[in-house]
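Visitor: I would like to learn how to read a structure like this one, feature by feature. Where do we begin?

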Amino acid sequence: MLRAGSVVTCIACKNLLPSRMGVKFRVPLQKLHPLSRAIHHRYSANSNPQRPPHCSAARHYTSLSRLPMRPPKSRSGGHGYQQHRSFWVARLAARLLKLRYILLGSAVGGGYTAKKTYDEWKDMLPDMSQYTWIVPDFVWELSENIDLDKLASALPELEEIAKLLPDMEKIGENFTFLKSLLSSGLGSEVNGASGLRLLLETTGESTLRATDVPPTSAAMSDSSDKQFKKSSDKEKVDQLQEELLRTQLKYQRMLERLEKENKELRKVVLQKDDKGIHQRKVKKSLIDMYSEVLDILSDYDSNYNTQDHLPRVVVVGDQSAGKTSVLEMIAQARIFPRGSGEMMTRSPVKVTLSEGPHHVAMFKDSSREFDLGKEEDLAALRHEIEIRMRKSVKEGQTVSPETISLSVKGPGIQRMVLVDLPGVISTVTTGMAADTKETIFSISKAYMQNPNAIILCIQDGSVDAERSIVTDLVSQMDPQGRRTIFVLTKVDLAEKNLASPSRIQQIVEGKLFPMKALGYFAVVTGRGSSNESIDSIKDYEEDFFQSSRLLKDGMLKAHQVTTKNLSLAVSDCFWKMVRESVEQQADAFKASRFNLETEWKNNYPRLRELDRNELYEKAKNEILDEVISLSQVTPKHWESILQKKLWERVSTHVIENIYLPAAQTMNSGTFNTTVDIKLKQWTDKQLPHKALEVAWETLQEEFARFMAEYKGKDQDDIFDKLKEAVKDESIKRHKWNERAMDSLRVIQHNALEDRSITDKPQWDAAIQFMEETLQSRLKDTDSVIGDMVGPDWKQRWLSWKNRTPEQHIRNETKNELERLLKLHEDHTAYLANDEVTTVRKNLEARGVEVDPVLIKDTWHQLYRRHFLQKALLHCNLCRRGFYYYQRHFVDSELECNDVVLFWRIQRMLAITANTLRQQLTNTEVRRLEKNVKEVLEDFGEDTEKKVQLITGRRVQLAEDLKKVREIQEKLEAFIEALHKEK
C-alpha cells in the first residue's frame, strides 16, 4: 500500500501505480509527481486542511477532470433513481475504457517511436568492424587463454587485507606517546630514529593520533620510578620500530607475491605472442632498438667530431669489489666467468637487459640462445665469454678495449644497457703487461667521460674505505655527482668486521668519501661461493637485512637496500637520461650527415655512394667475369702461345744437349742413335715437367692479361689492389693435376718416336723451323762475341768507343783462332792442348799475355758460330732433299738427318700444345675459377682484408655516410617508439 506521510492515498493514485511494483517504502508527498499530487488533493481535500486543494491544476493534466463536478442530486423516487444510476455506471465504464485506450495507444506509439529512434542512432554509428585489427588478437582471446575466475579467486579477500593492516588505534596511541617523549627531551634515547621523528612531525598528529596521552607528571620525585619509566619508554620505542618493520615486511611479501603472479601472467601472454599464434609481425622492443644503435656507434669512427654521447650504465669498481656479482643479480643469472682474486673481466662487456617470456642470453654476432635456466647452458655461456675475452686481448697485453655485446632477456628484468668494465687495480702483478693499470684507467675514462653515461660505482664494504681507488677516479669524471650511483657491496661482511657500524651509515650518506652521488645503496651478493644460485642469494640478502641492526637502528633506509631496489633505481635513472639526451644526439648526427653528403656531392658528383662491402661485391663480379672470359679464348690462340713458350723453354736444351753433340758424329747412324738416346732421357725426366710449367704460366699470364685489359663501363682503378691480391692468392692455391704429367709423358714419347714425314709441306716446314732456330742462335752467338771483343773500327770511329784491355786481349785471341779455323774447317768442337799452347805462344810473340782458359772460352763461341753457319748452308742444301729422304738417302751424298730431328721436335711441340690446351680449357680453367671464387669468399668474410685492399677517401666517406644514415634512422625510429610508450 502506498503511503504519503501518515495519510492514506486515494484510490485514484493507487490505481495509477502498477500493482507489481510492490512499493512498500514511505514516500513524502512533496516527492510525488505533480499529476499524482494534483489528483491526490482533489479526492482528499479534507485530509490536509492547512493546504488549499489543487483542483484547478488537475483539470489541465487528467481526463478525469474533463467534465465539471456537479453536486449529487437527491435520491427521491425509485424509477428516477434507477435511471440515473444506470447512466452513471455507463459514464464511468466509458471513461475507464477511454483511459485504457489512451494508455494502450501511448504505449504502442511510444514503443514505435523508441524503436525508430534506436534504429536511426544505430545507423548513424560508424562501422567499427574494419578497425578490429587495431586491438591485438590476444585481447580477444584473453578470456579463453586466462581463467579470470581463477585469477579473481586468487586475489586476497578484504578480510585478509584487513588482517594485514596494522592496528591504527594502537599505533596512534604509541605515536602520540612517543611524540610526547620526544617533545619532553627524550630524543637522545631513541638514537637512529630521525626518519621516524620526521614522520611524526608531518603526519602523526593528523592521521594516527587516536587519543591524547597526558605528559609525564613533573611531580615525580622518586629516582627509581624515573629509571623504570625510562626503561619502559625504550622498550616501547623498540616495540614500535619492530612493529613498523614487521608491517613493512608484510606489505613487501604481499607485493612480491602479486609481482610473481603478474610475472607469470605476463610470461603466459609473451609466450602466446612469441609462438606466433596470432600470425603477426613481432616488433622489436624499445631496449633492443636502443642497443642496436649502441652497437653501430661502437664501430663508428667519425671525422666530424660527432661523438657517442648516448646513455648507458657504466659499471666501475676496484678489482674483486663485486661488480660482476651486482650485474648478475640485476640480470638474475650467473652469466660471467668467476675466479678467486684473479682478473676475470679482461674486456668491456655490454649487456642489454630486456623483458621476455624465457630467460635466455644471446651474443650480438651469434644466433645461439643460451637457456639461463639450465646449468649446462650457463657453463657454456661463461666459457664462451671467457674465450671471447682472451681472443680480444692482443699478444703481450692483459686487457682489451674491444667490446663484447651480449643480450639477456627474461621475465621481470628491468630494461637497461650496462657495460661491465675491467676492475681498477693499484699494482701490476706478475704475468700482467706493464701498462695494464694505465690501460684499465684509459678504458674506464673513455666510457665515463660520456656526459650522459650513468656511473655505477661499486665499493667493497668488507675492506677499508681508504683503500678504494675507483672513488677518486669517479670524482674526477663526475665531480658534482649528477650521474653517479654508489653501491656498497658485501654489507654482511662489513657489519660483521667493522667495530663501528656507524661507519657504514657515513658511507651510504655520502659523508665518508669526497665523491658525490645521486643515490647510495647497500647490497649483499651472496656468501662468496661461486656455486650459489640467484634465488639463494636473494633469500640470503632478504634475511640479512630483515635481521640486521643497520636497518632496525635507522642507519639504512628501506629503499637503500637490496639489489632489487638498486635495479629499479638504475633503470629509472637510465630511461630518464635517455629521454633527456636522445633527441640531441639525433640532431648531432643529422648535422654530421649533412656535412658528409655535401663533401660527396662536391668531390664525387657522378658516382654512386657505394660503401666497402658494396664495392667489394662489384669488384667480385668483375673478377668472375674476367675468369669466365678465359673460356672464350680460341684453341688456336692457346696452342700458338703454348707452342711458342714451350720452345723458348726447351730450345737451349735441344740445341746444346741434343743437336750439337749429335752433329759432331761421323755418320748418320751414330747421329740418329745419339739423338734417340738423348730424346728418351729428356722425355723421361724433364720434358713433361717443363710442359706443365709452361701451361701453368700461360694460364696465369692470360688471366692477368684479361684482368688488366678488362675495360667495362664500370671499370674502377680502386679495385686494382684487390684484383692483384685475388690473382696471386688464386694462383698460389692452384695445383696442376698430377696425373696429367704421366699421360703427357706417354704422348710426348710417342710423338718423338715418329720419324715419317709424309709430304713436302711438312718437310719445308721443318726446314723453315730449323733455319729460324739456327739463325736465332747465330744472332745470339754474334752478340756474345761482340761483347767479348768490344766495338769494331766502325763503332770506335762513329760512336767514340774504345776497347778495354780485356776486350783487346780477347780480340787478339779471336783473330788467332779464326786463322786456325780457316786452316781446319772440319775441326772438332774442342781444342787440343797442343793447339792451345800454339795459340798462346803466337799471342805472346805479339806481346799479348793470355790465359789458356780464356783461349778455350773464346774458342767455344767462335766454333759455335762456325758450326751454325755451316748448318745454315746445309739447311739450304736440304730444301731439295725430300726426294732423297723418301728413298732413305740411298745413292746420295746428301744426308738431312738434322732436318728430320727438327721435324720430330716441331711435331712434339704441336702435339704437346694441343694436349695442354685441352687440359686447360676442360679442367684447369674451371679449377682456377673455383679457386678465385673461394678466394673471394674468404676475402669477403675477412673485414680486415677488405679494409687493406679497398682503401681511399672515397671509400671511407661512403662508409661514414652509410653508418651515419643508419644511426640517424635507428635513432629516429627509437625516438618515435619512445614517444609512443610515453
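Guide: Begin with a cut-off: a residue counts as buried when its relative accessible area is under 20%. The model here is predicted. In strand 3, Val 313, Val 315 and Gly 317 on one side and Val 314 and Val 316 on the other are all buried, so both faces of the strand are covered.

Visitor: How many residues of strand 3 are buried?

Guide: Five of the five residues in strand 3, which spans residues 313–317, are buried. For the protein, 40% of the 982 residues count as buried.

Visitor: How do I read the pairing of strands?

Guide: Strands of a sheet pair through backbone hydrogen bonds, in a parallel or an antiparallel sense. Here, strand 3 pairs with strand 8 (residues 416–420) in the parallel sense over three bridges, and Val 313 stands opposite Leu 418 of strand 8. Strand 3 also runs parallel to strand 9 (residues 454–460), to which five bridges join it. In that pairing, Val 314 is opposite Ile 455.

Visitor: In what order do the strands of the open sheet lie?

Guide: The order is 6-5-7-4-8-3-9-10-11, which makes nine strands, with mixed pairing. Strand 6 (370–371) and strand 11 (519–522) are the edge strands, each pairing on one side only. Strand 11 pairs with strand 10 in the parallel sense over four bridges; there, Gly 519 in strand 11 is the bridge partner of Ile 485.

Visitor: Which helices should I read together with these strands?

Guide: Take helix 16 (residues 470–477), whose buried residues are Val 470, Thr 471, Leu 473, Val 474 and Ser 475. These buried residues pack against strand 3, strand 9, strand 10 (484–489) and helix 15 (436–448). Another case is helix 12 (residues 286–298), which lies across strand 4, strand 7 (404–410) and strand 8. Helix 12 runs at about 165° to strand 4.

Visitor: And how do I read a pair of helices?

Guide: Look at the angle, the axis distance, the handedness and the residues that meet. Helix 25 (residues 687–709) and helix 34 (residues 897–941) pack at about 50°, with their axes 9 Å apart. The two helices are therefore oblique to each other, and their crossing is right-handed.

Visitor: Which residues of helix 25 and helix 34 meet?

Guide: From helix 25, the residues include Leu 687, Ala 691, Leu 692, Trp 696 and Phe 703. Among their counterparts in helix 34 are Met 908, Leu 916, Leu 920, Val 925 and Val 932.

Visitor: Is Ser 320 buried, partly exposed or exposed?

Guide: Ser 320 has a relative accessible area of 41%, so this residue counts as partly exposed. Gln 332, also not a glycine, has a positive phi near 65°. The loop that holds Gln 332 runs between helix 13 and strand 4 (349–355).

Visitor: How many helices and strands does the protein have?

Guide: The secondary structure comes to 36 helices and 11 strands. As for contacts with a separation of 6 or more, 79% are between residues 24 or more positions apart.

Methods. Residues are numbered from 1 along each chain as its sequence is written. This is a predicted model: local features need pLDDT of at least 70, side-chain atom pairs count only at pLDDT 80 or more; totals for chains, interfaces and linings use all residues. Side-chain values use heavy atoms; hydrogens and water are left out. Buried means under 20% relative accessible area, exposed over 50%, partly exposed in between (1.4 Å probe, protein chains only). Contact means heavy atoms within 4.5 Å. Two strands pair if DSSP finds at least two bridges between them. Axes are lines fitted to C-alpha atoms, for helices over the stretch in contact, and angles run from 0 to 180 degrees between N-to-C directions. Angles under 35 degrees count as roughly parallel, over 145 as roughly antiparallel, 65 to 115 as roughly perpendicular and the rest as oblique. A crossing is left-handed if the near helix is turned anticlockwise from the far one by less than a right angle, and right-handed if clockwise.
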